Amino acid sequence: MNIQYRTTLKIKHTPDVFIAGGGPAGIAAAVMAARSGASVYLAESSGSFGGAAVNMLVPAFMQFENGVDFLADGIGREVHEYLNRKTGFTAYWPNGIPVEVLKRCYDDMMLASGASFSFFTNVIDVITLNGAIDYAVCAAKGEKFAVKAKVYIDCTGDGDMCAMAGARYEKGDPITGEMMAATLCALWSDIDWSRVSGVDSRALEQAISDGIFTNKDRHLPGMWHIAQNNGGSNAGHIYNVDGTDSDSMTAAMIAGRRQLPEYEHYYRNYLTGYENMNLVVSAPYIGIRETRRVYGDYVLDIEDFNNRASFPDEIGRYSYPIDIHAGQNTDEAYKKFFEDHYKLRYESGESYGIPYRCLTVHGFTNLLMAGRCISADRYMQSSIRVMPCCYITGQAAGIAAAVCARDAHTDVHAADTRQIRALLKKAGAFLPEYREDADT
């Protein structure tokens, strides 16, 4: 049964740049667009900025650098230095993310930038006209309203705004549609970190043999140290989860909460240093690793990873390994993950380039994307999806949007990438092959 529903919406915001999502990509995009002179409005669905680190309690950023170069330079360095000043944080295992400090870091950055924003605000629809987004429709506490911008940036992670607009995308495995397993992360107390040593999975086979796990999952990323005697866990995969479907995510949240006591039993009884640990809180949102990959003007692929590719319109470089978590809980799937994860990785100092063309949404003249939904194949999505790379693509999208918004013709596909690269370089982005005489 269907109904027709019509309403009248006021246009509440008319910025140069509208951004959907306030995770690391959205923060980077908003701050850089505002610093570049654009008026900005960002809609965030939760009560704080931070995305996966805050709402999913993902305990680790993953790598900011490649052993030689600080790849997430620019916004990523600002975040890293803020956390280091406040807590002594360095992005190396076992150091986890100090969540509350990170929230304040993002608050401070956004307020200083002058960008406008609101929490508890969801993008629920877009209105398109002649291959462009005309309006974004938002639902917030107590109201629904429209936003009319010159340029729109999808930083939702799931490519929600692109999908609403009708952009072409793939989701999960291009043949089967299978997606990486999800994880419900959590915070724990009363860990004796002075006695913790070795990998967390070292006694996993024995525990599985002893029957303590309902879900016999052989992949345990582990626990990260978060302030004093606390830790953040990335433990327990939940399979067959669709991060774009609320019913699927509801079932995953229940399954995740049910298996956390099994991991508590494992850590307490099989590993040293965790004998007295207690569950403080599980994340309010299931940790999603993979959903949509939206088609852009270029699809970054595994050959680019293997070739350490460089591009004339390069907006940054990154180096995280290929990291496709198994989509099914089978020995064969885990073996495939293990082989790819340890085979498809770089030596110190190596990296691959990310072209601007991966941020431009095919078929839309005023729509950009940043974060884990950018134009890439499944292998590359498993590398670009982590937070430091979201800073890289976010800051590029923000600067590009500001550049396009200044011009009378805002077609993002025709943007002056020389100017974008020059502004990125000035902002601190890692562009080792940039040459001013060639790019300006």
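Which residues of α4 are buried? In this predicted model, the buried residues of α4 are V99, V101, L102, C105, Y106, M109, M110 and S113. An α-helix has 3.6 residues a turn, so residues three or four places apart point the same way. The helix itself covers residues 99-113, 15 residues in total. From its first C-alpha to its last, α4 reaches 21 Å. That is close to the 21 Å expected at 1.5 Å a residue.

The buried residues of α4 have several packing partners. The helices among them are α1 (24-35), α2 (52-55), α3 (75-87) and α11 (387-406). Strands β3 (40-43) and β4 (116-118) also pack against these residues. G114 follows α4 and has a positive phi, near 85 degrees.

The overall fold comes next. The protein chain contains 13 helices and 19 strands. Along the principal axes, the C-alpha atoms fill a box of roughly 65 × 60 × 45 Å. Of the 440 residues, 57% count as buried. The accessible surface of the chain comes to about 18,500 Å². Carbon and sulfur atoms account for 48% of that surface. Contacts between residues at least 6 apart in sequence were also sorted by separation. Of these, 74% join residues at least 24 apart.

One is built from 5 strands with parallel pairing, in the order β4-β3-β2-β8-β19. Strands β4 and β19 (367-369) form its edges, and each pairs on one side only. Neighbouring strands of this sheet are turned by 20 degrees against each other on average, direction ignored. Within the sheet, β2 (residues 17-20) runs parallel to β3 and is joined to β3 by 4 bridges. I19 stands opposite L42 in β3. Helix α11 packs on this sheet and touches β2, β8 (151-154) and β19. The direction of α11 makes about 165 degrees with that of β8. Helix α11 is also among the elements that pack against the buried residues of α4.

The other sheet has 4 strands, ordered β12-β13-β11-β15, and its pairing is antiparallel. Strands β12 (222-225) and β15 (278-282) stand at the edges. Each has a single partner strand, so one side of each is left without a neighbour in the sheet. The twist averages 30 degrees from one strand to the next. Helix α7 (residues 246-270) packs on this sheet, with contacts to β11 (186-189), β12 and β15. Its direction makes about 150 degrees with that of β15.

Strands β12 and β13 (residues 231-234) pair in the antiparallel sense over 4 bridges. H225 stands opposite G231 in β13. The hairpin of β12 and β13 has 5 residues between the strands. In this hairpin, A227 takes a positive phi near 60 degrees. Most residues other than glycine have a negative phi, and most peptide bonds are trans.

Two further non-glycine residues have a positive phi. L57 has a phi of about 55 degrees. The residue is found in the loop between α2 and α3. Both of these helices pack against the buried residues of α4. L57 has a relative accessible area of 8%, which is under 20%, so this residue is buried. D190 has a positive phi of about 60 degrees. This residue is found in the loop between β11 and α6 (204-209). At 42% relative accessibility, D190 counts as partly exposed.

R385 is placed in the loop between α10 (378-384) and α11. The residue counts as buried, with 14% relative accessibility. Its contacts, leaving aside neighbours within four places in sequence, are M180, R289, D323, H325, R372 and C390.

Terms used. Residues numbered from 1 in each chain as written. Predicted model: local features only at pLDDT ≥ 70, side-chain atom pairs only at ≥ 80, totals over all residues. Heavy atoms only, no water. Pairing = 2+ DSSP bridges. Helix = DSSP H or I, 4+ residues; strand = E, 2+ residues; numbered from the N terminus. Axes fitted to C-alpha atoms, helices over the stretch in contact; angles between N-to-C directions. Contact = heavy atoms within 4.5 Å. Expected span 1.5 Å × (residues − 1). Buried < 20%, exposed > 50% of the residue type's maximum accessible area, 1.4 Å probe, protein only. Areas by Shrake-Rupley, 256 points an atom, 1.4 Å probe, with all protein chains shown as cover.
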